[in-house]
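This report goes through side-chain contacts, a metal site and a pocket in one protein model. The structure comes first, and the description follows it.

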Amino acid sequence: MLVDDVTIKILAGDGGHGAVAFNKNLMSLGPTGGQGGAGGSVYAEGVSDISALGQFRYKKEFKAENGLEGRGQFRDGHDGKDLVLRVPVGTWIHNLTNGTEVSVEKTGERVLIAQGGLGGRGNFHFRSSKNTTPKESRPGSKGEVFDIRLELKLIADVGFVGLPNVGKSSLLNTITNAKSKVANYPFTTLEPNLGAYYELILADIPGLIEGSSTGKGLGMKFLRHIERTRILFHFISSESSTPVKDYRTIRKELGRYNKELLEKPEWIFLSKTDLLTPAELKKKTATLKKLGQHVTAVSIIDDESLKEVEKILNNIKKDK
Ligand SMILES: Nc1nc2c(ncn2[C@@H]2O[C@H](COP(=O)(O)OP(=O)(O)OP(=O)(O)O)[C@@H](O)[C@H]2O)c(=O)[nH]1
Ligand SMILES: [Mg+2]
């Protein structure tokens with residue numbers, strides 16, 4: 001089950017206390033207490049794996065490390081390690097404690113969500129000409145503690161649809177940084193996967209079959225995700241002897257689920273074209289072109305065809 005709405009508690013680390021210490025060397029008495037380390041902060045970082053919120057289903061509290069206390073001999077405490085929570089791009093972080101919200105829109109983007117406490121000063125800091133033996137130091141300050149709600153709003157620009165095993169995930173992996181599972185059997189992809197092509201987000205969803213709209217196969221759940229995409233890439237395998245029928249099967253399910261899906265701009269991709277002879281390729285492309293949509297031949301081992309896909313994506317990017 002895809003987790004797309006979950007509430008957790010985050011705790012940034014507390015700063016370490018400053019130390020009170022004196023030089024034990026009789027020749028030079030004096031304060032030597034070091035400063036406490038800073039507490040670790042909590043960050044959210046965007047990843048393309050949209051199931052990443054699954055890690056929050058059972059575990060509900062996430063704490064960054066505290067800073068360590070200062071010590072004698074001018075030694076400052078170590079800073080606490082930051083905690084980085086990996087969240088899918090498109091995750092909104094609603095801070096339930098202070099009412100602010102922020103979203104993570106890009107893979108690799110890091111957002112500070114709870115600031116760690118500062119380390120307290122040690123007595124070395126409080127020395128002066130009047131007070132050469134200060135016994136004063138400061139405690140570290142507390143790290144921020146918030147209740148946050150993580151809500152995934154899939155922000156894909158392009159949704160990949162098609163029958164199972166037609167090469168949707170393979171193309172996603174080839175042109176983006178995604179690591180969608182690929183294998184030579186139907187229903188390899190069990191949950192939607194996102195990939196980023198520059199600022200465009202591409203969503204690869206599990207293969208659809210006749211009856212998907214009524215819950216057959218992996219069903220409905222994934223059609224919901226492409227409802228929010230702007231454009232559809234419709235994949236048809238070169239291995240199929242019935243490409244037009246395959247096309248219609250998918251369109252029927254899309255329309256039965258939500259007629260608006262049929263209104264979205266659509267690009268047809270005839271995939272795995274390295275398996276065809278030039279003559280077969282020509283014939284299949286011509287048949288599909290009769291459907292009145294753009295048809296692009298693609299093979300993940302043919303760089304020229306991949307450049308075509310990139311060209312299409314670049315145009316979509318321009319219009320964004
Ligand atoms: N020859 C060839 N094989 C390909 C190409 N693209 C994908 N394949 C193979 O086709 C099989 C299915 O690829 P996937 O990318 O898993 O297909 P999918 O459409 O994501 O499948 P589901 O997740 O089940 O819907 C794998 O064995 C791939 O290696 C291609 O361009 N040429
Ligand atoms: Mg797949």
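In this predicted model, the charged end of Arg110 is placed over the ring of Tyr43, at 5.9 Å from the ring centre. A second contact of this kind involves Lys317, whose charged end lies over the ring of Tyr198, 4.7 Å from its centre.

Searching the whole structure gives seven aromatic pairs. One of them is edge-to-face and joins Phe74 to Phe124. This pair connects distant parts of the chain, 50 residues apart: Phe74 belongs to the loop between β3 (61-63) and β4 (83-88), and Phe124 to the loop between β7 (110-114) and β8 (145-152). Phe74 counts as partly exposed because its relative accessibility is 46%. Phe124 is also classed as partly exposed, with a relative accessibility of 30%.

Another pair, Phe160 with Phe233, is stacked. Phe160 is in strand β9 (residues 158-162) and Phe233 in strand β12 (residues 231-237), so the pair ties together parts 73 residues apart in sequence. Phe160 has a relative accessible area of 0% and is therefore buried. Phe233 is likewise buried, at 0% relative accessibility. Both rings belong to one aromatic cluster, made up of Phe160, Phe233, Phe235 and Phe269.

The table sets out the geometry of the two pairs.

| Pair | Arrangement | Centre to centre | Angle between planes |
|---|---|---|---|
| Phe74 and Phe124 | edge-to-face | 5.0 Å | 80° |
| Phe160 and Phe233 | stacked | 5.6 Å | 15° |

Next comes the metal site. The magnesium ion (ligand 2) is coordinated by OG of Ser169 and OG1 of Thr189, at 2.0 to 2.1 Å. These two residues are 20 residues apart and link distant parts of the chain, with Ser169 in helix α1 (residues 168-175) and Thr189 in the loop between α1 and β10 (193-197). Ser169 and Thr189 are both buried.

Helix α1 also takes part in the largest pocket, where it supplies four residues, the largest share of the lining. The volume of this pocket is about 390 Å³. Its lining consists of 28 residues, and those nearest the centre are Val166, Gly167, Lys168, Ser170 and Lys272. Sorted by class, the lining of the largest pocket contains 13 nonpolar, 10 polar and five charged residues.

How values were computed:
Residues numbered from 1 in each chain as written. Chains lettered and ligands numbered in written order. Predicted model: local features only at pLDDT ≥ 70, side-chain atom pairs only at ≥ 80, totals over all residues. Heavy atoms only, no water. Phe/Tyr/Trp six-rings, centres within 6.5 Å; stacked < 30°, edge-to-face > 60°. Buried < 20%, exposed > 50% of the residue type's maximum accessible area, 1.4 Å probe, protein only. Lys NZ or Arg CZ within 6 Å of the ring centre and 35° of its normal. Donors = N, O, S within 2.8 Å, 3.2 Å for Na, K, Ca; no water. 1 Å grid on protein atoms, 1.4 Å probe; cavity = no way out; pocket = protein on both sides within 12 Å on 5 of 7 lines; lining within 4 Å. Points joined across faces, edges and corners; volume = space filled by probe spheres on them. Nonpolar A, V, L, I, M, F, W, Y, C, P; charged D, E, K, R; others polar.
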